[in-house]
Amino acid sequence: ILSPSQSAGLVVGVGLVLLIALTIVMTIILRGRRTIRNKNWEELSILKRIWYRLVDCSKSGLITILVLFVQILVALTHWDAYLVRTVAQLMNGNVESVGLVCLFPHLLTSQMASLVFQLALPLVVACLFAVSVGLGELINRWIDRRKSSTPTYFDSDISMTWRSKRSKSRFSHFNSDDFSDVDESSQLVLQVESMGTEAPKAHSVDYPAFALVTSNTLAIFQFFYFGTSLAATEFFFASVQAHTGLKYVQALPWMLYDDARSLRAVSIPWLVIVVIGFPLAFIGLAFRIRHKVTSPVVTSYVGSLFARYQLRVFWWEIVNVLKKLIIALLLRGIPPSNPLQTALITVVLGAPMLVQVAVRPWKRFEENVMDPVASILLILSLGASNSVSSTRTFVVYYMVMTLDGLFVLALVGLIVHQLVTGKPEYQRLWEIAFGKSEALLDDFEFLDPKVRGLKPTLQQITANSPQTEDELRE
């Protein structure tokens with residue numbers, strides 16, 4: 001156990017290291033998204049290829065399926081391996097499993113302090129990412145100023161032309177009528193100044209830093225939503241002891257319900273703003289942008305919520321959010337000994353799975369396969385966990401846990417396979433922008449599974465679309 005000063009110093013040091021690392025990453029992301037992709041994929045350096053592949057991998061729906069599976073699994077069952085339990089509990093925002101109690105023994109041993117830390121963790125992470133984006137923006141502006149102040153070949157060519165005061169052919173692209181009221185010497189000065197202020201061909205695109213902040217914040221709250229729901233609803237459900245009539249907290253049978261009054265008061269803001277407000281805001285946002293999901297502005301700001309799904313069911317993430325909320329309420333509101341909990345959780349997992357099989361909301365085939373498999377394994381894991389309580393035997397439990405581990409390894413393998421063999425977004429967009437019809441067909445097929453395998457020609461697509469071939473490429 002560390003002293004308070006040592007604990008504070010360690011936390012500050014770790015925080016600074018994380019901030020520096022995140023600032024470097026956000027600087028690279030901002031610069032990469034603002035750079036025009038005017039080079040072929042084969043012309044890029046190895047490091048840039050690896051970077052673009054990693055960025056594409058972070059957008060994979062398999063990662064969303066993996067995170068959701070582990071978060072719900074650790075809430076439904078109890079994994080015995082310390083390392084697995086630590087990682088899984090951390091994904092739900094539980095700080096007790098990562099040894100932070102040893103850093104702050106007088107703080108995190110308090111139920112109130114532990115609750116506040118768990119509830120505030122998403123906000124702290126979001127602020128850390130926002131500060132790193134701000135620092136990355138400042139670094140990019142400083143780099144741009146340094147580049148703009150450095151003389152280029154273009155500037156030296158202008159200086160040589162000014163000193164020679166001859167050869168009007170260098171300025172033939174200007175309209176001489178604009179300078180008809182001035183003499184020849186003044187025309188030359190105005191033309192040189194005009195060329196110095198006129199931007200040549202653009203080397204960057206507009207991508208505001210606030211778009212990256214918004215995208216990161218939505219992804220962070222989406223990631224921690226299940227853990228926040230479990231923590232915010234933990235002290236609102238009571239159970240009555242049969243022989244005494246005393247009310248206890250359902251999730252903590254040793255705590256009297258009246259003693260948790262202050263904990264419930266602290267949880268109310270998160271319960272209203274995050275647990276209830278996030279799904280409602282999500283639904284309202286999806287309704288507002290339903291006709292402009294593919295807009296570049298919408299994609300830049302909220303693409304992290306909708307980019308993984310088919311255009312016709314772009315709102316499918318709402319289903320996952322509601323699934324997390326309902327499971328959290330059932331786990332907190334109904335005791336595990338009540339068979340009703342198992343039955344309702346099975347319905348919550350099974351009903352969306354049946355709809356998902358019919359709708360196929362994900363963009364990739366493997367994502368549409370692995371998502372139902374994850375739901376089936378969660379139902380089996382819930383049953384295996386309950387069998388331990390009733391039969392006191394662990395054979396079925398360990399068998400199902402083995403299947404869960406193999407499923408996680410399969411997801412990781414598929415993610416690595418996509419990372420290594422998948423066509424990066426950079427390459428796909430470059431091929432579309434530079435007129436390769438095959439790339440446009442692949443992109444069209446990627447967005448609409450109804451044409452998968454039909455391989456229509458570009459002329460057939462444009463014949464059935466009000467847009468021209470050039471507009472489709474744009």
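Entry 1, terms and source. I call a residue buried under 20% relative accessible area, exposed over 50%, and partly exposed in between, with a 1.4 Å probe and protein chains only. The model is predicted, so I note that local features need pLDDT of at least 70 and side-chain atom pairs count only at pLDDT 80 or more, while totals for chains, interfaces and linings use all residues. Residues are numbered from 1 along each chain as its sequence is written, and side-chain values use heavy atoms, with hydrogens and water left out.

I took a salt bridge to be a side-chain nitrogen of Lys or Arg within 4 Å of a carboxyl oxygen of Asp or Glu. How many salt bridges does the structure hold? I found 4.

I looked up Glu-367 and Arg-364, whose side chains form a salt bridge at 4.0 Å, N to O. Glu-367 is buried because its relative accessible area is 2%. Arg-364, at 34%, counts as partly exposed. Elsewhere, salt bridges with shared partners join Arg-34, Glu-137 and Arg-141 into one network.

For helices I used DSSP runs (H or I, at least four residues; strands are E, at least two), numbered from the N terminus. Is Glu-137 buried or partly exposed? Glu-137 is buried, because its relative accessibility is 12%. Arg-141 is partly exposed at 47%.

I then looked at Asp-144, which forms a salt bridge with Arg-31, the closest N and O atoms being 2.9 Å apart. Asp-144 is in helix H7 (residues 111-149) and Arg-31 is in helix H1 (residues 4-34), so this pair ties together parts 113 residues apart in sequence. Asp-144 is partly exposed, with a relative accessible area of 39%, and Arg-31 is partly exposed too, with 25%.

A nonpolar core here is a set of buried Ala, Val, Leu, Ile, Met, Phe, Trp, Tyr and Cys residues joined through side-chain atoms within 4.5 Å. Which residues of the largest core touch the most other members? Among its 36 residues, these are Phe-69, Leu-76 and Ile-327. At least two residues of this core come from each of helix H3 (61-76), helix H10 (209-232), helix H13 (317-333), helix H14 (339-359), H15 and helix H16 (395-421). H3 gives the largest share, 9 residues.

I listed the contacts of Ile-327, where contact means heavy atoms within 4.5 Å. Leaving aside neighbours within four places in sequence, Ile-327 is in contact with Ile-72, Leu-76, Phe-226, Val-348 and Leu-349. There is also a second, separate core of 29 residues, which includes Ala-232, Phe-235, Leu-271 and Phe-306.

I looked for buried residues in helix H12 (residues 296-306) and found Val-298, Val-302, Gly-303, Ser-304, Leu-305 and Phe-306. The buried residues of H12 pack against H10, helix H11 (261-288) and H13.

Why does Ser-381 count as buried? Ser-381 counts as buried because its relative accessibility is 0%. Not counting residues up to four places away in sequence, Ser-381 touches Leu-73, Thr-77, Val-400, Met-401 and Asp-404.

I searched for disulfides (a pair of cysteine sulfur atoms within 2.5 Å). The structure holds 0 disulfides. Cys-57 is buried, with a relative accessible area of 15%, whereas Cys-127 is partly exposed at 43%.

Arg-360 lies in the loop between H14 and H15. Its phi is near 50 degrees, a positive value in a residue other than glycine. Arg-360 counts as partly exposed, at 43% relative accessibility.
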